Each structure stands twice: as C-alpha cells, then as structure tokens.
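Here is a short tour of some aromatic rings, a loop residue and a helix pair. Have a look at the structure first, and then we can walk through it together.

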Amino acid sequence: MTNSNQIFSAFLGSEPTKKAAIELLSALHEIEAEQDGPHVQRIPYFRWEHSIEPKVKASTIELLNKINAAHPEDLATQTTYAGVAMRLSGGKAVDIEPLAETAKKKVAACTEPTVLFELGNIFRALPRWAALKSAAEAAIVCFSKGTWQSHIACDWLILANYRLLLKKFDRNKIDPDDIQAFDSIVQSCADCLGEDTKNIAFYRSLIASLRGDIDGAVDLIAQAQRLPGKLIVLFERLELFADTSTPLDRPGKAAAVFAERLTDQINHPTDGRGTLLISLDEVYFEQYAEIFLKSFGHWNPGGLVHLHCVDFHIHDKKREALEVAANVKINSTEDRCAEFLKENNLFHGYCAAARYLFMPRYLKRYGKLVISDVDGVIQRSIADIWQDGDTAIGLASRLVSNKWTSARLLWEAIAAGSLAISNTPSNLRFAWRTANTLADQIDYCRNRKMKLFYADQVALLTAYMASRENCEFKPFSGLFSQKTGWQLATGSDAKVNFQRSNKLVQNLGN
C-alpha cells in the first residue's frame, strides 16, 4: 500500500499528542479516498491489516493507548484509537463500547470533520444504526455542502433511518406518518446535496419502495445512472439496475458465455420429487456442506442434490461418504470458471450467482428445482412444494403475498436463499431472464471494477418484474434458515456457529 508504512512511522516518530493522532487518521482517510475513486466509498477496515509490519502495528496501538489515556472520555482520541485499531485488526477484537458511550454525549457538539467521518465509518461497519444516525446528522452540519464527504454523510443518514424503520416494517407497524417522516429526511439531504444527484434519486427510489411502488423505484434508479454523486458501497448496488430496459429473452447467451467450462458428474437420475441445487466454492464446501446436506437428508431421505462446484472437484470417495452420512444422492458439476472471475471483486458473487446463471440448464435436466443457499440448514421436506399440477414459481418475497408491493431495498425485495421452479415454457423464460441479467451484471461489474454483490437478488427481481404477466408466483418460505447480520468480520463465524448449534444438527450427532 503506497506510503502506508511511512505514515505510521511518521506518527510513531512524533510527539504523542491528540493532534498527531488526528493527523494520522486524516492521512489514512486521504489514502482510502484515493483508492476508492470518485464514485464509491468503501468500508476501510479490511485494507490495512496485511500491509503494516507487526511491530509497527503493536507500537501504533501502544502509542494511541497512551494518547487516549491522557485524554479520558475524549471523543477524538477514542475515535482515533478505535478506527486505527479496527484497520490494523481487520475489524476484529476492538472494544468500542467506551467510544459509543462518549459519542452519545458528545457527537452532536463535535466540529472535527476527521472525527465525524471516522465515527460514521465505525458505526456503519459494526453496525450501530442509532449511533450512525447521530453521527451522520452532526457530519452533515459540519461538512461543506456538496462535497463528496457530504454525499457519504447523507447516505449514512438515509441508511440508518431506513434500518431503524425496518424494525417497524418487520412487525407490520409501519404507517404513512413513518414514510412521511422519512420523506422529510430525504428532502433535508436534497437541500444539502442538490436535487440532481445520484444519491437523491436513489433516496427517492427508496421512498417509492417504502410505498410499495416497485416500478416507480426502478424508474428512479434508471434516472440516477445519468447523475453525478458518490455513494457508500452498499448503495452502489443500484448500478446493477442500469441495464434492466434491455431485452432479457435471449436464450443461450448466459450458457454460451460461461457453460463451456462445465463438466458434469451425473451419478443419479431424477426421481421426480425435485432436485435441490446449490452453488459453492471449495471453502464453503468444507465449511458448510456436510451439515447442510445432513439437514436436507433428514427431511428428504434419499433426496437428490446437485452441487455446482466453482473451481473445485468432488472426488468419488468424498461424494460417496457424504451420500451415506447425509442419506442423500449427489450429482455435481465442476465449473472451471474463467480467470477473470477469480478476481476478488467477482469470485464470491459468482459463486452465489452460478446456481441462477445456470438455472435454465438444470431446469431442463431435472424438471423441478429447489434452489438454496448452503450456509445454513434445511428445515422441511420439499415433497409438498408441487401438488396437483401446480407450476407456480415459489419466491421468498413479500412481493408475492402483498400483490407486487414490498417496502424493502430493491435488492432485498426477493431473497435468493430459496426458490422453487418447475419446467414450463413460461417458467423457463423466467429462468433465462434471470440468467441473462446475471450475465449482463458480470460483464458490467468486470468493466467497472465493481464488486459482484447482491447480483442474484437483483437478477431475480428484474426477471420477476418482466414476468409478472405470464408467470404464476407463490410465496415460498420455511425451507432454509441461516444466521444473518451486519456485524463486521463475523459473518462466517456466526453462520458456522448457527449450523453447529441447530437443534436438528445436534440430534443428528454433530
């Protein structure tokens, strides 16, 4: 990382003052902003851990501790300590409770831009939505109007208020006054940034979503593509809706681009009950597959699973042992993906997207598909999904039960963790629309150097909107469960612990 060790060395060679600590933090902000570029601001806590020598890390934390101790309950020194420590540890093992308590009392009066910017980063990353709201409100007052920092502060404010509002939404207690209050917050951001910015167009699309107007929300996002603005990385997802107006019915495109690297290992024929399809890389296979498959086999004895294996191969002995242990049958496909898909910003998104990218291929092979995440457990049988000739596509979304309305961020409107589909002409068309949208998104993210994130959920919503008039949809829930959350650098541990602590898993002897 350019000049990183020099920056820390300069700090260690300076007088141990509060001013020196803030200057260190400010220098880190400058480097991070340069790395991010003009369009997006990323959470900074995963960049520095491996670029700084261990001795420099230890000495930096020790000196910051001394400065912090010399200024008890000082917001600036506590913020600097927490922010730098989180960078040097990848966000792990940093106690921010003293900072959170100090911020409650002092953030509204803070006028130091570097401190407020770091507080926003910290409370967004952890996350602490109420604390983020307070930090964002102070930052908007402090930052100059129209600067990129003010754009980020407004994004924080909108995200914090939205997440706090969702608590009421999930309890079915959201009402028109709540949406009107949110609209007023959006207007205050427009007063700060100006109406003709990408940020404001996105916030207006979120208001449309809260009111259940999905079509209006997508139209506003399309308008946003033509406007300037800098976004937090989460809101960068709106860029994936940029090309939704293009024709989606192009059977063969996704397969032609990606399927040439697939090798099938078909060990079992379909039994008519439906095949469970998952996609995963070798890391996820080792972490989650055994417990996941055992949970599926418990509810679906002898059931058929197809594993789409991204960049790895399952050897026969391993497959056979899993089949016996989990009481399932396993077919697999080895996906030796193109080199460009192995880039950090694309690979994990591709692993999740592959099950939907190749949904038409597997739908034609098996006739009935249940698609699931793997980092959790199956909670019921798939035997009752299709009854009496039912061909409706099962979606985990309130869009279906609420008649095309949902008060969620657009990429949250349809959960990609579970879907059920049978092979009919209209359903196959939906599958191709999903696959082709994903193929477009992969190209878009590759060209823009964007992270392929939430792509499967965006593709499902895009295909759903294009298919509402010629496909039947039904609510689909209760199949899959996992531990979810926003906690920084803890997602994988939480999912593994959830799997292992699940009562069903314990009863199976794990």
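Let us begin with two phenylalanines: Phe 285 is buried, and Phe 312 is buried as well. Please keep in mind that this is a predicted model.

**Aromatic pairs**

How many aromatic pairs does the count come to? The total is 12 aromatic pairs. One of them joins Phe 117 and Trp 148, whose ring centres are 5.6 Å apart. Their planes meet at 85°, and because planes over 60 degrees apart count as edge-to-face, this pair is edge-to-face. The two partners come from distant parts of the chain, with Phe 117 in helix α6 (residues 113-125) and Trp 148 in helix α8 (residues 148-170), 31 residues apart.

Is Phe 117 buried or exposed? With 7% relative accessibility, Phe 117 counts as buried, since buried means under 20%. Trp 148, at 28% relative accessibility, counts as partly exposed.

Phe 285 and Phe 312 also form an aromatic pair, and this one is tilted, with 5.4 Å from centre to centre and 45° between the planes. Here too the pair links distant parts of the chain: Phe 285 belongs to helix α13 (residues 282-299), while Phe 312 is in the loop between β5 (303-310) and α14 (316-326), 27 residues away.

Phe 117 and Trp 148 turn up again in a cluster, where ring pairs link them with Phe 143 and Trp 156.

**Charges over rings**

| Charged residue | Ring | Distance to ring centre |
|---|---|---|
| Arg 446 | Phe 340 | 3.8 Å |
| Lys 451 | Phe 453 | 5.3 Å |

**Glu 73 and the helices on either side**

Glu 73 lies in the loop between α3 (54-70) and α4 (75-88). Its relative accessible area is 48%, so Glu 73 is partly exposed. Which residues does Glu 73 contact, leaving aside its neighbours within four places in sequence? They are Gln 78, Thr 102, Lys 105 and Lys 106. The C-alpha atom of Glu 73 is also 8.0 Å from that of Leu 99, which is 26 residues away along the chain.

The helices α3 and α4 pack with their axes 9 Å apart, at an angle of about 165°. Angles over 145 degrees count as roughly antiparallel, which is why α3 is roughly antiparallel to α4. Their crossing is left-handed. Residues of α3 that make the contact include Lys 57, Ile 61 and Leu 64, and those of α4 include Thr 77, Tyr 81 and Val 84.

Notes
Residues numbered from 1 in each chain as written. Predicted model: local features only at pLDDT ≥ 70, side-chain atom pairs only at ≥ 80, totals over all residues. Heavy atoms only, no water. Phe/Tyr/Trp six-rings, centres within 6.5 Å; stacked < 30°, edge-to-face > 60°. Helix = DSSP H or I, 4+ residues; strand = E, 2+ residues; numbered from the N terminus. Buried < 20%, exposed > 50% of the residue type's maximum accessible area, 1.4 Å probe, protein only. Lys NZ or Arg CZ within 6 Å of the ring centre and 35° of its normal. Contact = heavy atoms within 4.5 Å. Axes fitted to C-alpha atoms, helices over the stretch in contact; angles between N-to-C directions. Parallel < 35°, antiparallel > 145°, perpendicular 65-115°, else oblique. Left-handed = near helix turned anticlockwise from the far one by under 90°.
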